[in-house]
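Thanks for coming, everyone. Please look at the model on the screen while I talk.

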Amino acid sequence: MSPAKPVGPVTSGPGGFVRPVGPVKAVLFDRDGTLVHDVPYNGDPERVRPVEGAREAVALLRARDIRVGVVTNQSGVARGLISGTDVRRVNRRIDDLLGPFDVWAICPHGPDDGCHCRKPQPGLVLWAAGRICTDPADCVVVGDIGADTEAAARAGAHGILVPNARTRPEETEAAAHTAPDLLTAVRSLLDDPALDGPAPGGPAPGGPAPGRPHDGGAPSGQRPATTAPAPSGEAPDPCRRPS
């Protein structure tokens with residue numbers, strides 16, 4: 001397999017470029033709105049639809065022997081709208097379509113529960129990185145809202161925002177690195193020669209939707225707690241890549 005290449009180039013801030021920052025060893029994806037189309041509080045595996053380019057993006061990373069994982073807020077569990085079993089069933093469907101992923105990290109708590117794992121807190125990213133024995137500094141978190149990139153920054157990882165219709169303009173403006181779609185984000189990380197140039201920044205076409213029914217994370221300043229994230233499944237040895 002080809003070795004991982006340094007991070008870059010992707011869009012940095014309002015138009016600059018990102019210099020390589022080191023080898024990428026793992027990419028952690030947000031789930032809803034990033035890997036699959038957002039269905040608010042979805043508990044039905046039949047409603048899972050990968051976003052365009054998701055299969056190819058994940059396959060490109062595996063081909064470079066880069067670990068892949070998912071870090072996702074699922075407050076529908078705390079709200080009583082879905083069960084932990086529902087979340088696991090949906091995650092298994094995503095594994096069937098795009099996986100298997102090396103690690104799943106799920107926060108089932110609500111915005112007011114004060115947990116340390118719910119994005120934008122860093123707990124999910126730190127737990128997932130530890131589970132696959134990877135330093136957060138060697139991880140990239142890809143998501144569609146500011147809570148994803150903020151969680152990455154707090155954990156010491158790198159973040160890429162892939163805006164969509166639910167991404168707030170201020171989140172796009174504040175993001176250090178952006179890409180117009182998931183596949184471009186991954187190709188940029190791999191410095192794929194097929195890229196004509198860096199991905200343009202700016203809000204996604206159509207602008208932000210009036211509401212954000214998907215579970216996008218609590219505001220900054222949420223008080224810390226000691227609750228650990230709930231994985232959907234665990235390998236017997238998290239530090240050994242399956243042969």
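I will go through ring contacts first, then some backbone features.

This is a predicted model, where local features need pLDDT of at least 70, side-chain atom pairs count only at pLDDT 80 or more, and totals for chains, interfaces and linings use all residues. Residues are numbered from 1 along each chain as its sequence is written, and side-chain values use heavy atoms, with hydrogens and water left out.

Rings of Phe, Tyr and Trp (its six-membered ring) pair if their centres lie within 6.5 Å; planes under 30 degrees apart are stacked, over 60 edge-to-face, the rest tilted. The count here is one aromatic pair. Phe101 and Trp104 have ring centres 5.8 Å apart and planes at 80 degrees, so they pair edge-to-face.

Are these two buried or exposed? Buried means under 20% relative accessible area, exposed over 50%, partly exposed in between (1.4 Å probe, protein chains only). Phe101 is buried at 8%. Trp104 is buried at 3%.

Now the backbone. Most residues other than glycine have a negative phi, and most peptide bonds are trans. Which bond is cis, with omega near 5 degrees? The one from Gly99 to Pro100. The bond from Lys119 to Pro120 is cis too, with omega near 20 degrees.

Next, phi. Tyr41 is not a glycine, yet its phi is positive, about 50 degrees. Tyr41 is partly exposed at 26% relative accessibility. Asp65 is not a glycine either, and its phi is positive at about 65 degrees. Asp65 has a relative accessible area of 40%, so it is partly exposed.
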